[in-house]
Amino acid sequence: MHRYETGPAAPDHDAAAGWEVAHPLGGASLCGVRVAGFRDRIAVGLDKQVLAQPSVVVVIGLGDDPLVVEDDRGERSLCAFVSPLSPGRARVRGERVECIEMRLSPPAAYALLGVSPSELDRPAISLDDLWGRPGQRLRERLAESTAWQRRLDLVDEFLLNRAAGGPSMAPEVAAVWDHIVACRGVVRVDELAASCGWSRKRLWSRFSAQIGLTPKRAAMLVRFDHAARALRAGENPADVALACGYVDQPHLHRDVLAFAGCTPSALAIPNSPAA
């Protein structure tokens, strides 16, 4: 059984003061899975843009009120949802939010969700559409418990059971994804096919079908994620561009605008709507 700790919001979540965060010491049991619990202790409320990141995000609400997700197709109230790697323009709002958040690498998402990440075709998909009654039962059991340790153990057990019967991503696709992540997105995409022994056409087709992005777009996303984290940590945009492998600062500006819908300076503002 895992041991858990609670404390101030984790830096990579960018939550305002007043959030209680619980996470497993040593991480989740499955590779490519990160799980944390969040509770709005002083009713600061949640209103955040859903940023593109190299993880599929699963959110299970535990409070009395559903989360409100707004995207280009309108506004929906969801008790639990899945957000793809590159969600586009979307916001999540809620009052007195209490939830479990899972961040899944594409290979983990492929095994656990029951669909390929490429099939997640809008910024937020109801988790009930993917996990059905087993997912609803998990949410009920989580809501019945008030102890973070019990809740996170329930999630861990559920994911282990799903992984045991889930599909496996093609080893070549998973290896190329891991290589892109290890290189922080700074890779020559024409060399990726040679690294796995496939033709360029075959890699692009299989990778896009199982990941949901082309290898080039995946590399751009991973690089953007590192840049976004550095910008939110207060680093200078010019330094971030150099450190993250961009040609120049305008190149960084274009990628941030494409993935976040704002400028690097706006993304860097603490607690900004884009953060």
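Here are some numbered notes on the predicted model above, starting with how to read it.

1. Ground rules. This is a predicted model, where local features need pLDDT of at least 70, side-chain atom pairs count only at pLDDT 80 or more, and totals for chains, interfaces and linings use all residues. Residues are numbered from 1 along each chain as its sequence is written, and side-chain values use heavy atoms, with hydrogens and water left out.

2. Have a look at helix H2, residues 128-144. Helices and strands here are DSSP runs (H or I of at least four residues for helices, E of at least two for strands), numbered from the N terminus. If H2 were straight, its 17 residues would span 24 Å at 1.5 Å a residue, but its end C-alpha atoms are only 18 Å apart. The expected span is 1.5 Å times one less than the number of residues. Where is the bend in H2? At Pro134, by about 70°; that is the angle between axes fitted to the seven residues ending there and the seven starting there.

3. Buried means under 20% relative accessible area, exposed means over 50%, and partly exposed is in between (1.4 Å probe, protein chains only). Contact here means heavy atoms within 4.5 Å.

4. Strand S8, covered on both faces. In a regular strand the side chains alternate between the two faces of the sheet. In S8, Ala80 and Val82 are on one side, Phe81 and Ser83 are on the other, and all are buried. S8 runs antiparallel to S5, with 4 bridges joining them, and antiparallel to S11, with 2 bridges. Two strands pair if DSSP finds at least two bridges between them.

5. A hairpin to check by eye. Strands S6 (residues 67-71) and S7 (residues 74-78) pair in the antiparallel sense over 5 bridges. They form a hairpin with 2 residues between them, and Val68 stands opposite Ser77 in S7.

6. The nonpolar cores. In soluble globular proteins, nonpolar side chains tend to be buried together. A nonpolar core here is a set of buried Ala, Val, Leu, Ile, Met, Phe, Trp, Tyr and Cys residues joined through side-chain atoms within 4.5 Å. The largest one has 73 residues, and Ile60, Ile100, Met102, Leu104, Leu113 and Phe224 touch the most other members. Helix H7 (residues 215-232) gives the most to this core, with 10 residues. A second, separate core of 17 residues includes Trp19, Val57, Val59 and Leu78.

7. Met102 lies in strand S10 and is buried at 0% relative accessibility. Among the residues that Met102 touches, leaving out those up to four places away in sequence, are Arg34, Val56, Trp131 and Leu159. Ala36 is 66 residues from Met102 in sequence but 6.6 Å away in space, C-alpha to C-alpha.

8. Cysteines. A disulfide is a covalent bond between the sulfur atoms of two cysteines. How many disulfides does a search of the whole structure find? It finds 0, counting a pair of cysteine sulfur atoms within 2.5 Å. For Cys79, the nearest cysteine sulfur is that of Cys99, 12 Å away; Cys79 itself is partly exposed, with a relative accessible area of 40%. The sulfur of Cys244 is too far for a bond, because the closest cysteine sulfur, in Cys183, is 14 Å away. Cys244 is buried, at 6% relative accessibility.

9. Most residues other than glycine have a negative phi. Ala43 has a positive phi of about 55°, and Arg96 has one near 50°. Ala43 is in the loop between strands S3 (33-40) and S4 (46-49) and is partly exposed at 31% relative accessibility. Arg96 lies in the loop between strand S9 (90-94) and S10 and counts as exposed at 57%.
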